[in-house]
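This report covers the fold of one chain and its contact with a partner. Please look over the sequence and the model before reading on.

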There are 2 protein chains.
Amino acid sequence: MSVPDKPLNENQAEIAPEFDDEFCAKLDDLFVWRRDVRHFRSQPVSQQLIDELLDAASLAPSVGNSQPWRFVSVEDKRRRAKIREIFTACNREALDDYHGEKAKLYASLKLDGLKQAPVHLAVFVDTSTQSGSGLGRKTMPETLHYSTVLAVHTLWLAARARGIGVGWVSIIDPEEVRDVLNVSKDWELIGYLCVGYPKSDHSIPELIRQGWQDRDTEARILHRR
Amino acid sequence: MSVPDKPLNENQAEIAPEFDDEFCAKLDDLFVWRRDVRHFRSQPVSQQLIDELLDAASLAPSVGNSQPWRFVSVEDKRRRAKIREIFTACNREALDDYHGEKAKLYASLKLDGLKQAPVHLAVFVDTSTQSGSGLGRKTMPETLHYSTVLAVHTLWLAARARGIGVGWVSIIDPEEVRDVLNVSKDWELIGYLCVGYPKSDHSIPELIRQGWQDRDTEARILHRR
């Protein structure tokens with residue numbers, strides 16, 4: 001790995017910790033072993049660990065430093081049951097879009113861990129936030145949503161490093177989820193996360209292992225202009 | 001940090017590398033020291049390093065394993081000049097939204113590193129991709145875009161670990177950028193990234209240091225339902 005000269009220390013630079021080759025290799029391992037988990041063990045996750053994950057998520061980049069992410073821990077049993085109902089209905093409708101072998105394969109996939117995961121986190125973007133004063137959002141307002149996605153990913157990586165799995169459920173009606181959780185109409189659902197200790201570790205995504213979708217070579221091409 | 005029992009090794013589990021407390025602490029450091037960089041040194045970034053960043057990005061989670069991210073290295077001088085013109089026009093328009101002290105402060109901010117950054121990466125989502133066969137996108141089609149955001153963030157973290165800074169420019173007209181780069185109409189711009197060695201390292205976002213937007217306490221609250 002090529003190493004640049006020492007920083008110029010302009011603009012009141014601080015001295016950053018060193019991230020060496022060993023760390024970079026381990027970080028790459030983290031990317032390899034981060035999975036979208038749908039098979040959870042029942043063992044609870046401590047509140048201290050959840051707090052660590054939220055602390056990490058709070059460090060995510062955000063447009064104009066707007067920090068628009070809002071995390072809701074879904075704990076009420078009836079609310080969880082309703083969320084599962086929403087998923088089941090949406091998943092049944094989704095199945096109707098497939099036919100033949102693909103429909104059989106779809107029906108065989110486990111696409112959520114809602115029943116087993118000890119922790120449910122619904123992540124919203126607060127579209128009404130004044131933080132950031134709109135900086136960076138005029139031409140691309142969707143960056144407010146993207147900022148929340150960045151927070152989810154930060155949480156996800158921090159979780160995997162601690163041995164905790166995250167599964168992002170998107171087969172769900174976002175407005176129904178918002179209603180069930182009784183949050184502000186200004187909050188839009190970004191993702192519904194199942195969180196807990198995974199039953200097993202994998203370096204290969206489940207959708208590849210199950211034969212749904214392999215690596216896409218086009219996704220790795222660098223186009224030049 | 002609490003550690004779970006050994007994995008049950010169900011579903012043909014592999015043995016994952018261990019991510020210990022030291023790695024978790026260093027990963028948190030990475031989140032702390034990752035910045036949206038606008039001050040770059042002219043030193044080039046090797047193609048090998050860019051390839052490493054793309055390899056990392058390819059490991060990002062994506063809805064239905066659709067891998068919809070498309071990376072365009074913008075190298076042509078005239079194209080880069082046009083991108084800078086687009087930014088300048090959009091930034092001038094954005095300034096008109098502010099008044100008084102806030103306008104003065106906005107005008108004083110450096111919101112891009114387009115002129116100095118040795119590498120420009122335009123990141124698009126390919127909305128026409130068939131990969132993933134639509135899985136997970138029926139109720140939340142925006143997850144295709146979110147998947148590309150996850151790839152950007154993966155690249156960003158891999159870059160920072162290697163001492164390379166990334167600055168996400170969103171003050172830009174996404175359709176004009178697409179036209180300048182002459183890519184498919186099915187590709188939508190997610191972000192325009194400036195990439196290079198930063199002039200200095202910081203643990204505090206520039207928009208906080210410059211007095212634009214402080215930490216938002218609300219962003220750290222865990223709501224319960």
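The sections below go from the model to the chain, its strands, its helices and the interface.

## Model and numbering

The model is predicted: local features need pLDDT of at least 70, side-chain atom pairs count only at pLDDT 80 or more, and totals for chains, interfaces and linings use all residues. Residues are numbered from 1 along each chain as its sequence is written, while chains are lettered from A and ligands numbered from 1 in the order in which they are written.

## Chain A overall

Chain A has 7 helices and 5 strands. Helices (H or I, at least four residues) and strands (E, at least two) are DSSP runs, numbered from the N terminus. Along the sequence the pattern is α-α-β-α-α-β-α-β-α-β-α-β. The C-alpha atoms occupy a box of roughly 60 × 45 × 40 Å along the principal axes.

Of the 225 residues in chain A, 48% are buried. A residue is buried if 20 or more other C-beta atoms, placed from the backbone, lie within 10 Å of its own. Among contacts in chain A with a separation of 6 or more, 85% link residues 24 or more positions apart. Two residues are in contact if their C-beta atoms, placed from the backbone, lie within 7 Å.

## Strand S4 and its partners

S4(A) pairs with strand S2 (residues 119-126) of chain A in the antiparallel sense, over 8 bridges. Two strands pair if DSSP finds at least two bridges between them. Here A:Val119 has A:Val195 as its bridge partner in S4(A).

Strand S3 (residues 165-169) of chain A also runs antiparallel to S4(A), joined by 5 bridges. A:Val169 is bridged to A:Tyr192 in S4(A).

## Helices H3 and H6

H3(A) packs on H6(A) at an angle of about 170°, with the axes 10 Å apart. Axes are lines fitted to C-alpha atoms, for helices over the stretch in contact, and angles run from 0 to 180 degrees between N-to-C directions. That makes the two helices, H3(A) and H6(A), roughly antiparallel (the term covers angles over 145 degrees).

On the H3(A) side, the contact involves A:Arg79, A:Lys82, A:Ile83 and A:Ile86. They meet A:Glu176, A:Val177, A:Val180 and A:Leu181 of H6(A). By class, this contact has 5 nonpolar, no polar and 3 charged residues. Ala, Val, Leu, Ile, Met, Phe, Trp, Tyr, Cys and Pro count as nonpolar, Asp, Glu, Lys and Arg as charged, and the others, Gly among them, as polar.

## Interface with chain B

The contact takes 98 residues from chain A and 98 residues from chain B. Elements of chain A that each supply at least two residues include helix H1 (21-33), helix H5 (143-161) and strand S5 (222-224). H1(A) gives the most to this side, with 10 residues. The side of chain A that touches chain B divides into 48 nonpolar, 28 polar and 22 charged residues.

S5(A) runs parallel to strand S1 (residues 69-73) of chain B, joined by 3 bridges. A:Arg224 stands opposite B:Ser73 in S1(B). An open sheet of 5 strands has the order S5(A)-S1(B)-S2(B)-S4(B)-S3(B), with mixed pairing. Its edge strands are S5 of chain A and strand S3 (165-169) of chain B, each pairing on one side only. The twist averages 30° from one strand to the next.

Conventions. A residue is buried if 20 or more other C-beta atoms lie within 10 Å of its own, exposed if 12 or fewer, and partly exposed in between; C-beta atoms are placed from the backbone. Angles under 35 degrees count as roughly parallel, over 145 as roughly antiparallel, 65 to 115 as roughly perpendicular and the rest as oblique.
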